[in-house]
Amino acid sequence: MLTREQWTEKFVDVIAHASSQLPPDVLAALKRGRDAEEPGSLAAKALDSILTNVEMAKGNWQPICQDTGTPLVWIHHPVGMSTRMLTGAFEEAVRQATGRQMLRPNAVDTLTDKNTGHGQGPGIPTVHCEEWDEPDVEVRIVLKGGGCENCGAQYSLPSIKLKADRDLDGVRRCILDAVAQAQGKGCAPGIIGACFGGDRGSGYVESKRQLLRRLDDRNPIPEIDAMEQQLLEQGNQLGIGPMGFGGKTTILGVKIGNLARLPASYFVSVSYMCWANRRAGARISEKGAVQWLN
Amino acid sequence: MAKLSLPCDEAQIRGLKVGDFLELSGRMITGRDAAHHWLLHGFREEVASFLKDSVIYHVGPVVKKHEDGHYTFVAAGPTTSAREEPFQADVIGKYGLRGVIGKGGMGPKTLKGLQEHGAVYLHAVGGTAQVLAQAVVKVEQVFQLKEFGVPEALWVIQVKDFPVVVTMDSHGSSLHAEVEKASKAKLEQMLGLSA
């Protein structure tokens, strides 16, 4: 078994991956976007700059974006493993990665308004631990910046304004509205994680967990899959474009989950992720062998 | 691509319009949420000369402190400017700024301030922290580091060929307002909400 310090080392590696190595499916989507834009347009130039930046960050193992965000962490662990140990090890990993400039000191004490200086504080990072029957630990993370986090939105249905009822069409209307409201402010072209159902807290958490999915995967539930494909197309018809400069590439993907709801509530929670979808995952064996996941 | 040296003068700024690409060289200062508050409470003599006829960059950089005490920017893309909307026009007027660099654009109050004082909004590509950090050739000094922390401090930097595009000019044009209007009209059409 690995010691707590060894877990911290592994987690620092996962953070370094996420901060500097953009997943290949996101890179491919950005390239498709660039090729779709008019040559010489503001949209094409913005995407060119983004693609250059992705390569520079990758080659130098430096942060893709200076806002290294909140680390959102999901850990699966074998039966009997201490979740306190894993959470503590990840918190320490955030402090160490911050000291090595893989993360920015990104935690501000909300009472004193002072930056903690080491990137960690109550609620940062958010670590979700879940037991499973496998012998390995699987850790998946997303680094989600503040600019895009500020573009998240939660809707309570029905909505007269959006002509949205408590059904899939209503869900679709809310998500499309969220894309339009975000404009370019969340660093378009963005990726939409959404959840319908749940309460106000669980709905947002699930919407963020959707951001762990590959852009080219398909939702196993046919109705939701169809909605994801339709929203991707409709979002790009809004014409907001990269950075909100206007253009054809407004979003790169839409990923939707659903939870049960109370009879009285019907929430649609939308998390906007910037183009720099800094997602990383690793499966780590009892002896410390690492298998990187896409 | 056109070049602009900082500091600059009002005539140069009045000559710029929405859609112009620019490469900036010279000295500028960074500042975001805490800095804008601070700049408006009293007159901050110690930084005034860095703001006059130059630009303020909305950024919270990742910074490395070297053993001999000097700093370099490791990652430095723009942050969302909209949060400074209540303060920006006043900061521009008070300190004689000629421009703002950020992302996402700003609103009507800032647009009016740009017209009134002869300044522009310059959009850098959000998330391109490596491309832009490379254009920061020197970190000269820093203000309010202890009080505000690394992301919120005011860093005085030298840049070379720092790429931006004018998205709000000093003649009342805003690309952001245009795109927002068109995209929201499209949304209303798609959802059948048009009156």
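1. Burial in chain B. Of its 195 residues, 51% count as buried. A residue is buried if 20 or more other C-beta atoms, placed from the backbone, lie within 10 Å of its own; with 12 or fewer it is exposed, and in between it is partly exposed.

2. Basis of the note. This is a predicted model, in which local features need pLDDT of at least 70 and side-chain atom pairs count only at pLDDT 80 or more, while totals for chains, interfaces and linings use all residues. Residues are numbered from 1 along each chain as its sequence is written, and chains are lettered from A, ligands numbered from 1, in the order in which they are written.

3. Overall form of chain B. The chain has 8 helices and 9 strands. These are DSSP runs numbered from the N terminus: helices are H or I with at least four residues, strands are E with at least two. The C-alpha atoms fill a box of roughly 65 × 35 × 30 Å along the principal axes.

4. Contacts within chain B. Take the contacts with a separation of 6 or more: 63% of them join residues 24 or more positions apart. Two residues are in contact if their C-beta atoms, placed from the backbone, lie within 7 Å.

5. Where chain B touches chain A. The contact takes 45 residues from chain A and 42 residues from chain B. On the chain B side, five elements each supply at least two residues: strands S4 (62-65), S5 (71-75) and S9 (154-168), and helices H6 (129-134) and H8 (175-190). H8(B) gives the largest share, 10 residues. By class, this side of chain B has 21 nonpolar, 16 polar and 5 charged residues. Here Ala, Val, Leu, Ile, Met, Phe, Trp, Tyr, Cys and Pro count as nonpolar, Asp, Glu, Lys and Arg as charged, and the others, Gly among them, as polar.

6. A helix pair in chain B. Helix H2 (residues 33-40) and helix H4 (residues 88-95) of chain B have axes that come within 10 Å and cross at roughly 50°. H2(B) is therefore oblique to H4(B). Angles under 35 degrees count as roughly parallel, over 145 as roughly antiparallel, 65 to 115 as roughly perpendicular, and the rest as oblique. The crossing is left-handed: the near helix is turned anticlockwise from the far one by less than a right angle. His36(B), Leu39(B) and Leu40(B) of H2(B) meet Asp90(B), Val91(B) and Tyr95(B) of H4(B). This contact has 4 nonpolar, 1 polar and 1 charged residues.

7. Cis peptide bonds in chain A. The bond from Ile124(A) to Pro125(A) is cis, with omega near 0°. Pro125(A) is in the loop between helix H4 (83-99) and strand S2 (126-132). The bond from Leu157(A) to Pro158(A) is also cis, with omega near 5°. Pro158(A) is in the loop between strand S4 (153-156) and helix H6 (168-182).

8. Positive phi values. Met243(A) is not a glycine, yet its phi is positive, about 60°. Met243(A) lies in the loop between helix H8 (222-237) and strand S6 (251-258) of chain A, and counts as buried because it has 36 C-beta neighbours inside 10 Å. In chain B, Gln144(B) has a positive phi near 60°. Gln144(B) is in the loop between strand S8 (136-143) and helix H7 (145-148). With 18 other C-beta atoms within 10 Å, Gln144(B) is partly exposed.

Terms used
Axes fitted to C-alpha atoms, helices over the stretch in contact; angles between N-to-C directions.
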